[in-house]
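This report describes the pockets, the sheet and selected residues of one structure. The sequence and coordinates are shown below for reference.

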Amino acid sequence: MITNDVLGDAVRNNAEWCQAMCDAHGLTGTFGPRTWTSARRTPLYYPDAVTLTDDAGVEDVLSGIDRTTPGASVKDSFARLDLAPEGFRLLFEAQWIARPAGLPAPQAPGDWRPVRTPDELAAWALAWSGDDADDAELFRPGLLADPATTVVAGHDPDGRILGGAVLTTSARVTGLSNLFAADGTDPSHVWAGALSAAPADRPLVGYESPADLPPALAAGFDAIAPLRVWLST
């Protein structure tokens with residue numbers, strides 16, 4: 001059963017994953033009572049601020065981030081802010097998703113296991129990025145030393161990467177992010193593989209765009225609330 005508390009747990013878990021990514025890049029974020037923020041520009045695709053509570057205001061977000069150049073981004077976790085008057089545009093909308101604890105995982109084709117070494121992580125990152133070396137640089141070896149972060153990959157019998165995901169463990173939930181299917185892999189197989197690698201004793205949470213929701217819903221997730229991401233211009 002999914003409760004309202006799970007939304008707050010999902011938001012916090014996602015901010016903790018953003019912090020882990022910043023740590024791997026030598027950046028320091030700050031958890032405040034209503035927001036997580038980074039005073040320095042965050043890694044590619046990661047927000048400079050995340051609202052943690054539904055009463056977070058515009059000033060809570062903007063006071064903690066660098067706005068001296070365009071490109072700052074804000075994850076409006078509860079879809080409540082209007083940042084257009086502050087020079088932001090709406091980048092995309094998505095849905096928080098959650099899967100109750102204890103549900104059996106679907107059968108997962110392939111061999112799904114954690115990524116353990118820098119070389120394995122580099123191969124995973126290239127598969128995640130579609131062989132874009134610049135994007136692959138996002139995933140640095142420091143992530144492997146974070147006890148809350150598990151990068152998982154699925155392999156076919158020939159060792160080819162079928163897909164992967166990142167699992168982020170927090171107090172009451174496990175976050176699922178960066179899920180991808182390599183060319184020719186059925187996305188439903190990747191969802192099944194990621195679930196097979198995740199602990200079953202706590203809810204799984206994350207978010208997906210509307211176009212990517214169907215495989216998540218088919219894997220037992222529920223869409224629980226909207227979110228928005230804003231980008232400064």
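## Second largest pocket

The second largest pocket has a volume of about 160 Å³. On a 1 Å grid over the protein atoms alone, a pocket is an open set of points where a 1.4 Å probe fits, with protein on both sides within 12 Å along at least five of seven lines, and its lining residues have an atom within 4 Å of a point. Grid points are joined across faces, edges and corners, and the volume is the space filled by probe spheres set on the points. This is a predicted model, in which local features need pLDDT of at least 70 and side-chain atom pairs count only at pLDDT 80 or more, while totals for chains, interfaces and linings use all residues. Residues are numbered from 1 along each chain as its sequence is written, and side-chain values use heavy atoms, with hydrogens and water left out.

The lining of the second largest pocket consists of Leu126, Ala127, Trp128, Gly130, Asp131, Phe180, Ala181, Ala182 and Asp183. By class, six lining residues are nonpolar, one is polar and two are charged. In this scheme Ala, Val, Leu, Ile, Met, Phe, Trp, Tyr, Cys and Pro count as nonpolar, Asp, Glu, Lys and Arg as charged, and the others, Gly among them, as polar.

Asp131 counts as exposed because its relative accessibility is 64%; the classes are buried under 20% relative accessible area, exposed over 50% and partly exposed in between (1.4 Å probe, protein chains only).

## Largest pocket

About 940 Å³ of space lies in the largest pocket. Of its 39 lining residues, Tyr45, Phe92, Ser177, Asn178 and Tyr207 are the closest to the centre. The elements that each supply at least two lining residues are α1 (4–24), β4 (73–76), β5 (88–99), β9 (174–181), α5 (187–197) and β10 (204–208). Strand β9 gives the most, with six residues. The lining comprises 23 nonpolar, 11 polar and five charged residues.

Asn178 is placed in strand β9. Its relative accessibility of 17% makes Asn178 buried, and its phi, near 55°, is a positive value in a residue other than glycine.

## Sheet architecture

An open sheet of 11 strands has the order β1-β2-β3-β4-β11-β5-β10-β9-β8-β7-β6, with mixed pairing; two strands pair if DSSP finds at least two bridges between them. The edge strands, each pairing on one side only, are β1 (29–31) and β6 (111–114). From one strand to the next, the twist averages 20°. Helix α3 packs on the sheet, touching β6, β7 (149–155), β8 (161–169) and β9, and its direction makes about 110° with that of β8. Helix α5 also packs on the sheet, where it touches β5, β6, β7, β8, β9 and β10, and its direction makes about 145° with that of β9. Axes are lines fitted to C-alpha atoms, for helices over the stretch in contact, and angles run from 0 to 180 degrees between N-to-C directions. Contact means heavy atoms within 4.5 Å.

Strand β4 pairs in parallel with β3 (residues 49–51) over two bridges, and Ala49 stands opposite Val74. With β11 (residues 222–232), β4 pairs in the antiparallel sense over four bridges; there the partner of Asp76 is Arg228. Ser73 and Lys75 point one way from β4 and Val74 and Asp76 the other way, and all are buried.

Strand β10 is largely enclosed by the rest of the structure, because four of its five residues are buried. It pairs with β9 in the parallel sense over two bridges, and Leu204 is the bridge partner of Thr174. Strands β5 and β10 run antiparallel and are joined by five bridges.

Gln95 lies in strand β5 and has Glu208 of β10 as its bridge partner. Its relative accessibility is 23%, so Gln95 counts as partly exposed. Beyond its neighbours within four places in sequence, Gln95 is in contact with residues including Gly206, Tyr207, Leu213 and Pro226.
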